[in-house]
Amino acid sequence: MSKKLVVIGAGMASGRMLEHLFDADPAAYDVTLFNAEPRGNYNRLMLSPVLSGEKTYAEIVTHDDDWYAQNDVTCRFGERVVHIDRDRKVVVGEHGELPYDKLVLGMGSTPFMIPLPGHDLDGVIPYRDLEDTERMMGLGAKAGSKAVVIGGGLLGLEAAAGMAAQGVDVTVVHIMGHLMERQLDPAAGYLLRKALVDKGITVMCNANSKEILGEDGKVRALLLDDGTELPCDLLVMAVGIRPATALGEAAGLATGRGIHVDDQMITSDADILALGECVEHKGEVFGLVAPLYDQAKVLAQTLLDQEATFVNKEVSTKLKVTGCDLFSAGDFAEGDDREDIVFRDPARGVYKRLILKENRIIGAVMYGDTADGAWFYGMIKDGTDVSDMRDTLIFGPAYQGGTALDPMAAVAALPDDAEICGCNGVSKGDIVAAIHAGATSLAEIKATTKASASCGSCAGLVEQVLGVTMGDEFVIPQDESICGCCDLSHEDVRRLIKSQELKSQEAVWQELGWKTRNGCATCRPAINYYLLADWPVEYQDDPQSRFVNERKHANIQKDGTFSVVPRMWGGITTPDELRAIADAADKYNVPTVKVTGGQRIDLLGVKGEDLPAIWYDLNQAGMVSGHAYSKGLRTVKTCVGSDHCRFGTQDSTGLGIKLEKLLWGSWTPHKLKLGVSGCPRNCAEATCKDIGVICIDSGYEIHVAGAAGMEIKGTEVLCRVTTEEEAIEIITAMSQIYRENAKYLDRIFKWVDKVGLDWVKEQVVENLDERRALVERFNLSQSIYRKDPWAEHAKPEKAETYRPLADLTLEAAE
Amino acid sequence: MSWIDIGAIDRIPDRGARVVRTPRGDIAVFRTGTAEVFATDDRLGDSYGPLSDGIVSDRSVNCPITNVIFDLETGQSSEGSLQTHGCRIENGRVLLDDSKLTAAA
């Protein structure tokens, strides 16, 4: 008589195990199969295509009734196992006991539900089995249904995409900074997010769920930490799984995160074996199918007394969402001694990254073109030495010869309606049409379409469109690229950030074909500035992409100490402020106190770790950062004006203070210094500033584009106005047009020299609509950036970063 | 030689650095965009550094004063070499090799 084998759980792993067992020796065991779900083994991985309507349930059944009948399996489906009695070697089911000689545990895993308030409301479900899938499909039948998915991992995104395909309005809420962070790096995460957004799915990263709101016991909305309420008819939690260990644990089997098994898949009881998502092997638990199939094979052999050993191999991941082609394998996140090979093709939305260690591939992340995934995966598993093919490796097996990357890929990728010339609203399609109509040079394009005829900053892009369209017939004049990381000039990049609505560093790296993973010390500060200037609300400033002065909000000196300059609005101070400055200088042993050229007091020689404390003291006396270190508004220098001076024609001090209170905190391409003089005697030296005002009897003369540094240049007159309000409006618009258009590290005089003062006049003086729009955009940006960085950094959590991470001098002295 | 636990990895900013004070002088501990860690002396002579204040990109740092680029792995630059120190991550903690941290002779 054959031995009795009882299997608990009719999942994919145990199903595969039975196949191996019956193939090798159909008569070895008399098999009984328990399953809590009222059905047999189906391909759980294919639930997503069922959800999206691409497959039916019948198509994903692995073992149907016939299969179980043919193999003489006694099926006890829909029956839970309550207890395992190891002493009597008996399994206790809901409908009765059953003895065993060998027992196989394959209970799989249970979805983890975050215990948020409201998680037990009706309509809050995991994504695990056919019932959940049917629930989600049912939602699609009702027009206007909304769903929220918590979790931007593999399962959550498949659920989201599936429901979206059924016409449901879906929002994905993910706690991390990018989607699928365990499988993807931020670059691939960016592309994935973009593809999902294109499918109409709303994606919220860095989002913390706070509470699930209900009505009459049914889910109504998800409330986030920041107060956002996301209405929904169904809330799917897909934040992870946990091995189902309860049965094993209750039976007294050794259990950690999962039920412990050895290399032969045997638990701490020699007659009980286990496999699948419920086990823990050498500290690892399992969620992907490939290693489970390996376990199934080993377990079947162990049951037949054959020798076999389970080895956990590298696994790869693919997302089963139509149109989102991604692949990830191996290790791509942490560790020493690693090198990256990166390839981006913005035209096709392709990103590939290989991670090498000692000339072997240890990880791969790919998006958009994953055809070579299996090839790379094979090399990861085999540990192939790739020294000989490094140069062409990234192109895949079919391309072991390699060609140079196309520097015009980014422009070639632009759609026809992409705006090339912002001043005159000329699209790429307009320019291509002009070329087909006979234009062959920049001058001819300018004459026929007006592209680059105004500020001219898009000339480089126009030339690239000529190059892409005409091929070899057009030779592109060499424009200086930002740095070795890309082929585009500053002007091109600025234009494309606007027209392509690139709102993150990842978007810029990918869409503009950056050749490095993360940019370098030259391009990153520039890109960080462009992004925050163009998208003040959407983009978050990145301190690690700033030079030390702007990161630490003080000016580094050659000995590594810093200078601290508190703001004195318009150069006006008070006895109390002066006393506070003197006290701070004493308290922090400031070696040098100096009056600056911008009418401020500079405390030089402050130690880096004292910065938060000295700022706190100055804050207490009502003073804020003077931004004497920033590419931003520095100072507005004034003379005493009509209040005291017998020559003064207007209140120059008052106007200076107003301007400074309006403009402070704003970031600009380079530093921005202003001066306001109360009469043409010009005591505030306004005519060598970036922007200057000379007060005259009839009002205000506004000057721009002066320089008094390595170059000396007097200002040019922008316009004359009669009221203070208009002067302030024009200066605000002037600051904004400079912020929006100039190349990083160009002062106003350099930039005006490139675009011409006439164009600037037209925009900020003559065109009233444009002037007001500029002012509005400036005010929007200031609603975020007009705040005191010192106050922020004096707070304990930021102040900590100014101190050493550790002090080992004491320990070593022992 | 022994490895000293100097703190959790998340106390070093992504693509940034922190200082560790030692009898040898200040050591800069860097964290790269791929969460690797490296440690070097914070200064080279009187002219270069503090490198903990530089911009970290890939496996290099730009001197904040001179903009000279130093390789974090080897300490090398066009202007001379920095002393490097062993540094690694274990269970989210940053460990520093103390074998070269005694006071310079």
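In which sense do β5(A) and strand β6 of chain A pair, and over how many bridges? Antiparallel, over four bridges; β6(A) covers residues 96–99. A word on terms. Two strands pair if DSSP finds at least two bridges between them. Strands are DSSP runs of E, at least two residues, numbered from the N terminus.

Ground rules next. This is a predicted model: local features need pLDDT of at least 70, side-chain atom pairs count only at pLDDT 80 or more, and totals for chains, interfaces and linings use all residues. Residues are numbered from 1 along each chain as its sequence is written, while chains are lettered from A and ligands numbered from 1 in the order in which they are written.

Back to chain A. Two residues lie between β5(A) and β6(A), which form a hairpin. A:Val91 has A:Leu98 in β6(A) as its bridge partner. On to β4(A), residues 81–85: this strand pairs with β5(A), residues 90–93, again antiparallel, over four bridges. A:Val81 stands opposite A:Gly93. That hairpin has four residues between the strands, and A:Lys89 takes a positive phi near 50° there.

Now the chain contact. Here 25 residues of chain A are in contact with 33 of chain B. Contact means that C-beta atoms, placed from the backbone, lie within 7 Å. On the chain B side, β2(B) gives the largest share, six residues. β2(B) also pairs with strand β39 of chain A, residues 806–807, in the parallel sense over two bridges. There, A:Asp807 stands opposite B:Arg21.

Note on methods: Two residues are in contact if their C-beta atoms, placed from the backbone, lie within 7 Å.
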